[in-house]
Amino acid sequence: MELLQTLEQLTNWDGRPLVKYDGVWYPLVIRPLLSIQKYFKAKDSDIILTSFPKSGTTWLKALTFSIVNRNDLNISLLTSNNPHELVPFLEFDLYLHQENPDLQHISCPRIFSTHIPFKSLPESIRESECKVIYICRNPLDQFISHLHFFLENTKTNYSRPLFELDEYFGMYCQGIHPFGPICDHMLGYWDGHLENLNKVLFLKYEDLKQDTAFHIKKIAGFLGYPFSVEEEKQGVIEEISRLCSFENLKNLEVNKTGHIGVVKKSSFFRKGEVGDWTNYLTPAMAERFENMMESKFEGSGLMFNI
Ligand code: A3P
(Lines give C-alpha, C1' and ligand atoms only; values in the text may rest on other atoms or scores of the structure.)
Protein backbone atom coordinates (compact mmCIF):
# COMPACT_ATOMS: atom_id res chain seq x y z
CA MET A 1 0.00 0.00 0.00
CA GLU A 2 2.84 2.34 0.88
CA LEU A 3 4.53 1.66 -2.44
CA LEU A 4 1.30 2.16 -4.39
CA GLN A 5 0.85 5.61 -2.90
CA THR A 6 4.21 6.68 -4.29
CA LEU A 7 3.52 5.48 -7.84
CA GLU A 8 2.15 7.46 -10.78
CA GLN A 9 -1.42 6.38 -11.50
CA LEU A 10 -4.00 7.17 -14.15
CA THR A 11 -7.27 5.92 -15.53
CA ASN A 12 -7.00 4.03 -18.77
CA TRP A 13 -9.50 4.59 -21.60
CA ASP A 14 -11.41 1.54 -20.37
CA GLY A 15 -11.99 3.27 -17.04
CA ARG A 16 -9.56 1.00 -15.20
CA PRO A 17 -6.63 2.18 -13.16
CA LEU A 18 -3.07 1.79 -14.38
CA VAL A 19 -0.04 2.17 -12.14
CA LYS A 20 3.45 2.94 -13.42
CA TYR A 21 6.06 0.75 -11.81
CA ASP A 22 9.61 0.32 -13.06
CA GLY A 23 8.70 1.99 -16.37
CA VAL A 24 5.72 -0.29 -17.03
CA TRP A 25 1.99 0.55 -16.87
CA TYR A 26 0.49 -2.24 -14.79
CA PRO A 27 -3.16 -2.98 -14.13
CA LEU A 28 -3.82 -3.57 -10.44
CA VAL A 29 -1.37 -6.45 -10.05
CA ILE A 30 1.49 -4.74 -8.24
CA ARG A 31 1.01 -6.79 -5.07
CA PRO A 32 0.90 -10.10 -7.00
CA LEU A 33 3.91 -8.95 -9.05
CA LEU A 34 5.97 -8.36 -5.90
CA SER A 35 4.86 -11.72 -4.47
CA ILE A 36 5.81 -13.51 -7.68
CA GLN A 37 9.22 -11.84 -7.69
CA LYS A 38 9.76 -12.76 -4.06
CA TYR A 39 8.30 -16.26 -3.81
CA PHE A 40 7.95 -17.95 -7.20
CA LYS A 41 10.54 -20.68 -7.54
CA ALA A 42 10.81 -22.05 -11.04
CA LYS A 43 11.70 -25.70 -11.53
CA ASP A 44 13.99 -26.72 -14.37
CA SER A 45 11.10 -28.56 -16.02
CA ASP A 46 8.72 -25.56 -15.90
CA ILE A 47 7.34 -23.96 -19.05
CA ILE A 48 6.51 -20.24 -18.83
CA LEU A 49 4.28 -18.82 -21.56
CA THR A 50 4.68 -15.08 -21.84
CA SER A 51 2.91 -12.50 -23.95
CA PHE A 52 1.58 -9.01 -24.28
CA PRO A 53 -2.21 -9.22 -23.66
CA LYS A 54 -4.36 -9.99 -26.73
CA SER A 55 -1.43 -11.31 -28.75
CA GLY A 56 -2.34 -14.99 -28.98
CA THR A 57 -1.90 -16.15 -25.37
CA THR A 58 -4.95 -18.43 -25.49
CA TRP A 59 -3.73 -20.11 -28.66
CA LEU A 60 -0.21 -20.57 -27.28
CA LYS A 61 -1.65 -22.11 -24.11
CA ALA A 62 -3.72 -24.58 -26.13
CA LEU A 63 -0.81 -25.51 -28.39
CA THR A 64 1.72 -25.96 -25.59
CA PHE A 65 -0.70 -27.94 -23.44
CA SER A 66 -1.46 -30.25 -26.38
CA ILE A 67 2.17 -30.72 -27.36
CA VAL A 68 3.25 -31.62 -23.84
CA ASN A 69 0.24 -33.85 -23.10
CA ARG A 70 -0.13 -35.46 -26.51
CA ASN A 71 0.59 -38.97 -25.27
CA ASP A 72 -1.57 -38.57 -22.24
CA LEU A 73 -5.29 -38.70 -21.52
CA ASN A 74 -4.90 -35.11 -20.30
CA ILE A 75 -5.03 -33.90 -23.88
CA SER A 76 -8.79 -34.48 -23.85
CA LEU A 77 -9.04 -31.80 -21.13
CA LEU A 78 -8.72 -29.22 -23.89
CA THR A 79 -12.17 -30.10 -25.17
CA SER A 80 -13.77 -29.68 -21.75
CA ASN A 81 -11.79 -26.68 -20.41
CA ASN A 82 -10.90 -23.26 -21.66
CA PRO A 83 -7.09 -23.06 -22.25
CA HIS A 84 -6.86 -20.44 -19.46
CA GLU A 85 -8.24 -23.01 -17.02
CA LEU A 86 -5.48 -25.43 -17.96
CA VAL A 87 -2.60 -22.96 -17.91
CA PRO A 88 -3.01 -20.40 -15.11
CA PHE A 89 -1.67 -16.86 -15.09
CA LEU A 90 0.80 -16.17 -12.29
CA GLU A 91 -0.48 -12.62 -11.67
CA PHE A 92 -4.20 -13.02 -12.40
CA ASP A 93 -4.78 -16.50 -10.97
CA LEU A 94 -2.18 -18.04 -8.70
CA TYR A 95 -0.82 -14.98 -6.88
CA LEU A 96 -3.86 -12.70 -7.14
CA HIS A 97 -5.30 -13.57 -3.73
CA GLN A 98 -2.44 -15.47 -2.15
CA GLU A 99 0.96 -14.13 -1.33
CA ASN A 100 2.78 -17.45 -1.50
CA PRO A 101 0.54 -20.20 -2.93
CA ASP A 102 1.64 -23.82 -2.69
CA LEU A 103 2.47 -24.85 -6.25
CA GLN A 104 4.37 -28.01 -5.32
CA HIS A 105 1.37 -30.30 -5.88
CA ILE A 106 1.10 -29.38 -9.57
CA SER A 107 2.40 -32.25 -11.66
CA CYS A 108 5.46 -31.65 -13.83
CA PRO A 109 5.99 -30.22 -16.31
CA ARG A 110 4.14 -27.26 -14.83
CA ILE A 111 2.92 -24.76 -17.42
CA PHE A 112 2.32 -21.20 -16.25
CA SER A 113 1.69 -17.97 -18.07
CA THR A 114 2.32 -14.30 -17.46
CA HIS A 115 2.25 -10.86 -19.07
CA ILE A 116 5.09 -9.61 -16.82
CA PRO A 117 7.90 -8.02 -18.89
CA PHE A 118 11.13 -9.99 -19.27
CA LYS A 119 13.20 -7.67 -17.08
CA SER A 120 10.73 -8.11 -14.19
CA LEU A 121 10.42 -11.90 -14.24
CA PRO A 122 11.44 -13.56 -10.97
CA GLU A 123 15.11 -14.43 -10.81
CA SER A 124 14.44 -18.16 -10.61
CA ILE A 125 12.82 -18.10 -14.06
CA ARG A 126 15.92 -16.50 -15.53
CA GLU A 127 18.37 -18.63 -13.59
CA SER A 128 16.76 -22.07 -13.74
CA GLU A 129 16.70 -24.30 -16.81
CA CYS A 130 12.99 -23.65 -17.34
CA LYS A 131 11.83 -22.66 -20.81
CA VAL A 132 10.19 -19.37 -21.74
CA ILE A 133 8.03 -18.91 -24.83
CA TYR A 134 6.97 -15.40 -25.85
CA ILE A 135 4.27 -14.54 -28.34
CA CYS A 136 3.67 -11.08 -29.75
CA ARG A 137 1.56 -9.63 -32.51
CA ASN A 138 1.21 -6.69 -34.86
CA PRO A 139 0.55 -3.94 -32.25
CA LEU A 140 -2.25 -2.42 -34.34
CA ASP A 141 -4.16 -5.72 -34.34
CA GLN A 142 -3.38 -6.07 -30.64
CA PHE A 143 -4.89 -2.64 -29.95
CA ILE A 144 -8.10 -3.43 -31.85
CA SER A 145 -8.35 -6.85 -30.24
CA HIS A 146 -8.03 -5.30 -26.78
CA LEU A 147 -10.69 -2.73 -27.56
CA HIS A 148 -13.19 -5.40 -28.54
CA PHE A 149 -12.25 -7.57 -25.60
CA PHE A 150 -13.06 -4.69 -23.31
CA LEU A 151 -16.35 -3.88 -25.06
CA GLU A 152 -17.38 -7.52 -24.93
CA ASN A 153 -16.73 -7.77 -21.21
CA THR A 154 -18.07 -4.46 -20.06
CA LYS A 155 -21.33 -4.60 -18.15
CA THR A 156 -22.87 -1.47 -19.61
CA ASN A 157 -23.42 -0.57 -23.23
CA TYR A 158 -20.21 1.36 -23.18
CA SER A 159 -19.30 2.02 -26.80
CA ARG A 160 -17.13 5.09 -26.25
CA PRO A 161 -13.84 3.49 -27.31
CA LEU A 162 -14.97 3.05 -30.89
CA PHE A 163 -16.03 6.70 -31.04
CA GLU A 164 -12.94 8.08 -29.42
CA LEU A 165 -10.39 5.95 -31.16
CA ASP A 166 -8.06 8.87 -31.79
CA GLU A 167 -7.70 9.65 -28.12
CA TYR A 168 -7.23 6.03 -27.08
CA PHE A 169 -4.80 5.39 -29.87
CA GLY A 170 -2.81 8.42 -28.72
CA MET A 171 -2.57 6.89 -25.26
CA TYR A 172 -1.52 3.58 -26.76
CA CYS A 173 1.26 5.32 -28.72
CA GLN A 174 2.47 6.82 -25.44
CA GLY A 175 2.70 3.33 -23.99
CA ILE A 176 -0.35 3.76 -21.75
CA HIS A 177 -1.79 0.27 -21.88
CA PRO A 178 -1.81 -2.70 -19.48
CA PHE A 179 1.83 -3.95 -19.39
CA GLY A 180 2.80 -1.21 -21.90
CA PRO A 181 4.64 0.24 -23.63
CA ILE A 182 4.18 -2.64 -26.04
CA CYS A 183 7.42 -1.98 -27.96
CA ASP A 184 9.47 -2.17 -24.73
CA HIS A 185 7.68 -5.42 -23.86
CA MET A 186 8.57 -6.95 -27.22
CA LEU A 187 12.13 -5.65 -27.14
CA GLY A 188 12.71 -7.03 -23.64
CA TYR A 189 11.80 -10.57 -24.70
CA TRP A 190 13.61 -10.14 -28.00
CA ASP A 191 16.84 -9.29 -26.17
CA GLY A 192 16.24 -12.18 -23.76
CA HIS A 193 15.83 -14.45 -26.78
CA LEU A 194 19.06 -13.22 -28.39
CA GLU A 195 20.92 -13.60 -25.10
CA ASN A 196 19.95 -17.25 -24.79
CA LEU A 197 18.27 -18.87 -27.76
CA ASN A 198 17.74 -22.12 -25.89
CA LYS A 199 15.98 -20.36 -23.05
CA VAL A 200 13.57 -17.93 -24.72
CA LEU A 201 11.63 -18.76 -27.88
CA PHE A 202 10.27 -15.65 -29.62
CA LEU A 203 7.11 -16.13 -31.69
CA LYS A 204 4.89 -13.88 -33.75
CA TYR A 205 1.14 -14.52 -34.06
CA GLU A 206 1.28 -13.81 -37.80
CA ASP A 207 4.00 -16.44 -38.37
CA LEU A 208 1.98 -18.99 -36.45
CA LYS A 209 -1.05 -18.25 -38.60
CA GLN A 210 1.02 -18.58 -41.76
CA ASP A 211 2.50 -21.98 -40.94
CA THR A 212 1.04 -23.49 -37.80
CA ALA A 213 2.45 -26.99 -38.32
CA PHE A 214 6.00 -25.66 -38.69
CA HIS A 215 5.67 -23.73 -35.43
CA ILE A 216 4.13 -26.65 -33.55
CA LYS A 217 7.23 -28.63 -34.50
CA LYS A 218 9.44 -25.73 -33.49
CA ILE A 219 7.77 -25.35 -30.07
CA ALA A 220 7.94 -29.08 -29.43
CA GLY A 221 11.65 -29.22 -30.30
CA PHE A 222 12.40 -26.14 -28.20
CA LEU A 223 10.64 -27.64 -25.16
CA GLY A 224 12.42 -30.97 -25.53
CA TYR A 225 9.31 -32.82 -26.70
CA PRO A 226 10.20 -33.40 -30.37
CA PHE A 227 7.90 -35.39 -32.63
CA SER A 228 9.15 -38.80 -33.68
CA VAL A 229 9.16 -39.80 -37.34
CA GLU A 230 6.34 -42.17 -36.51
CA GLU A 231 4.25 -39.36 -34.98
CA GLU A 232 4.86 -37.17 -37.99
CA LYS A 233 3.74 -40.00 -40.30
CA GLN A 234 0.61 -40.49 -38.21
CA GLY A 235 -0.30 -36.82 -38.64
CA VAL A 236 -0.02 -35.92 -34.94
CA ILE A 237 1.18 -32.38 -35.75
CA GLU A 238 -1.79 -31.72 -38.03
CA GLU A 239 -4.13 -33.12 -35.38
CA ILE A 240 -2.76 -30.71 -32.75
CA SER A 241 -3.06 -27.86 -35.23
CA ARG A 242 -6.72 -28.75 -35.85
CA LEU A 243 -7.50 -29.24 -32.17
CA CYS A 244 -6.09 -25.80 -31.28
CA SER A 245 -7.40 -23.98 -34.33
CA PHE A 246 -9.48 -20.87 -33.84
CA GLU A 247 -12.53 -22.49 -35.44
CA ASN A 248 -12.35 -25.61 -33.31
CA LEU A 249 -11.75 -23.84 -29.98
CA LYS A 250 -14.34 -21.13 -30.66
CA ASN A 251 -17.01 -23.72 -31.39
CA LEU A 252 -16.39 -25.96 -28.40
CA GLU A 253 -19.34 -25.83 -26.01
CA VAL A 254 -16.99 -25.07 -23.12
CA ASN A 255 -15.79 -21.88 -24.81
CA LYS A 256 -19.19 -20.65 -25.94
CA THR A 257 -20.68 -19.97 -22.53
CA GLY A 258 -19.55 -19.16 -19.01
CA HIS A 259 -16.93 -16.93 -17.48
CA ILE A 260 -13.43 -17.03 -16.08
CA GLY A 261 -13.67 -14.54 -13.25
CA VAL A 262 -15.50 -11.61 -14.85
CA VAL A 263 -14.36 -12.41 -18.37
CA LYS A 264 -16.64 -14.19 -20.86
CA LYS A 265 -14.90 -17.30 -22.17
CA SER A 266 -16.27 -16.57 -25.64
CA SER A 267 -14.48 -13.20 -25.67
CA PHE A 268 -11.11 -14.95 -26.02
CA PHE A 269 -12.20 -16.00 -29.52
CA ARG A 270 -13.27 -13.06 -31.67
CA LYS A 271 -12.02 -13.08 -35.28
CA GLY A 272 -8.57 -14.60 -35.10
CA GLU A 273 -7.42 -12.77 -38.22
CA VAL A 274 -4.35 -10.86 -39.29
CA GLY A 275 -4.80 -7.22 -40.30
CA ASP A 276 -8.21 -6.47 -38.76
CA TRP A 277 -6.82 -3.06 -37.74
CA THR A 278 -7.38 -1.83 -41.31
CA ASN A 279 -11.13 -1.87 -40.58
CA TYR A 280 -10.72 0.67 -37.77
CA LEU A 281 -7.49 2.68 -37.97
CA THR A 282 -6.48 5.15 -40.68
CA PRO A 283 -3.26 4.80 -42.71
CA ALA A 284 -2.02 7.96 -40.92
CA MET A 285 -2.47 6.29 -37.53
CA ALA A 286 -0.62 3.23 -38.77
CA GLU A 287 2.20 5.38 -40.11
CA ARG A 288 2.51 7.19 -36.81
CA PHE A 289 2.87 3.91 -34.95
CA GLU A 290 5.18 2.40 -37.53
CA ASN A 291 7.57 5.37 -37.37
CA MET A 292 7.65 5.20 -33.60
CA MET A 293 8.19 1.44 -33.63
CA GLU A 294 10.96 1.62 -36.23
CA SER A 295 12.96 4.12 -34.21
CA LYS A 296 12.44 2.05 -31.06
CA PHE A 297 13.57 -1.18 -32.73
CA GLU A 298 16.45 0.38 -34.65
CA GLY A 299 19.60 -1.71 -34.41
CA SER A 300 17.88 -4.49 -32.43
CA GLY A 301 17.25 -6.80 -35.36
CA LEU A 302 13.58 -6.98 -34.43
CA MET A 303 11.20 -6.10 -37.23
CA PHE A 304 7.46 -6.03 -37.53
CA ASN A 305 5.69 -5.82 -40.83
CA ILE A 306 2.55 -3.85 -40.07
P1 A3P B 1 -8.88 -11.02 -32.24
O2 A3P B 1 -9.50 -10.16 -31.18
O3 A3P B 1 -8.12 -10.22 -33.24
O4 A3P B 1 -9.83 -11.96 -32.87
P5 A3P B 1 -5.15 -13.47 -26.20
O6 A3P B 1 -5.34 -14.95 -26.26
O7 A3P B 1 -3.73 -13.07 -25.96
O8 A3P B 1 -6.12 -12.83 -25.28
O9 A3P B 1 -5.44 -12.94 -27.68
C10 A3P B 1 -6.74 -12.97 -28.19
C11 A3P B 1 -6.66 -12.92 -29.70
O12 A3P B 1 -6.23 -14.20 -30.20
C13 A3P B 1 -8.02 -12.65 -30.30
O14 A3P B 1 -7.78 -11.93 -31.51
C15 A3P B 1 -8.52 -14.06 -30.55
O16 A3P B 1 -9.56 -14.15 -31.46
C17 A3P B 1 -7.26 -14.73 -31.04
N18 A3P B 1 -7.28 -16.20 -30.87
C19 A3P B 1 -7.76 -16.91 -29.82
N20 A3P B 1 -7.60 -18.22 -30.04
C21 A3P B 1 -7.02 -18.37 -31.24
C22 A3P B 1 -6.61 -19.49 -32.02
N23 A3P B 1 -6.79 -20.73 -31.60
N24 A3P B 1 -6.04 -19.26 -33.22
C25 A3P B 1 -5.84 -18.00 -33.67
N26 A3P B 1 -6.22 -16.89 -32.97
C27 A3P B 1 -6.79 -17.06 -31.78
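Author: Start with one word. A residue is called buried when its relative accessible area is under 20%, exposed when that area is over 50%, and partly exposed in between. Keep in mind that this is a predicted model.

Now the rings. The count of aromatic pairs is 18. Take Tyr134 and Tyr189, which are stacked. Their centres are 4.2 Å apart, with 5 degrees between the planes. Tyr134 belongs to strand β6, and Tyr189 to helix α10 (residues 182-195). The two are 55 residues apart, so the pair links distant parts of the chain.

A second pair joins Tyr172 and Phe289. Here the centres are 5.6 Å apart and the planes meet at 20 degrees, so this pair is stacked. Tyr172 sits in helix α9 (residues 165-173), Phe289 in helix α17 (residues 283-297). The pair therefore ties together parts that are 117 residues apart in sequence. Tyr172 is buried at 2% relative accessibility. Phe289 is buried too, at 0%.

Rings also gather in a group. One aromatic cluster is formed by Tyr21, Tyr26, Phe89, Phe92 and Phe179.

Go back to the strand that holds Tyr134. Strand β6 covers residues 131-136 and runs parallel to β7, with five bridges between them. Val132 faces Val200 of β7 across this pairing. Strand β7 spans residues 200-204, and five of its five residues are buried. Val200, Phe202 and Lys204 point one way, while Leu201 and Leu203 point the other.

Next, the helix that holds Tyr189. The loop between α9 and α10 contains Pro181. The bond from Gly180 to Pro181 is a cis peptide, with omega about 5 degrees. Another cis peptide bond runs from Cys108 to Pro109, with omega near 0 degrees. Pro109 lies in the loop between α5 (90-94) and β5 (111-114).

Two backbone angles also deserve a look. Asp22 is not a glycine, yet its phi is positive, about 55 degrees. Its place is the loop between β2 (17-21) and β3 (24-26). Asp22 is partly exposed, because its relative accessible area is 48%. Lys54 has a positive phi as well, near 65 degrees. Lys54 is in the loop between β4 (47-51) and α3. With a relative accessible area of 15%, Lys54 is buried.

An N or O atom in the side chain of Lys54 is 2.6 Å from a ligand oxygen. The side chain of Arg270 has an N or O atom 2.8 Å from a ligand oxygen. Alone, the ligand exposes 570 Å², and the protein buries 97% of that. Two elements give two or more residues to the shell: α3 (57-68) and α15 (246-251). Helix α3 gives the most, with three.

How many residues surround the ligand? There are 18, and the closest are Lys54, Thr57, Thr58, Ser145 and Lys271. By type, the shell has seven nonpolar, seven polar and four charged residues.

Key:
Residues numbered from 1 in each chain as written. Predicted model: local features only at pLDDT ≥ 70, side-chain atom pairs only at ≥ 80, totals over all residues. Heavy atoms only, no water. Near = heavy atom within 4 Å. Polar contact = N/O pair within 3.5 Å; in protein donor to acceptor, adjacent residues only side chain to side chain. Areas by Shrake-Rupley, 256 points an atom, 1.4 Å probe, with all protein chains shown as cover. Helix = DSSP H or I, 4+ residues; strand = E, 2+ residues; numbered from the N terminus. Nonpolar A, V, L, I, M, F, W, Y, C, P; charged D, E, K, R; others polar. Buried < 20%, exposed > 50% of the residue type's maximum accessible area, 1.4 Å probe, protein only. Pairing = 2+ DSSP bridges. Phe/Tyr/Trp six-rings, centres within 6.5 Å; stacked < 30°, edge-to-face > 60°.
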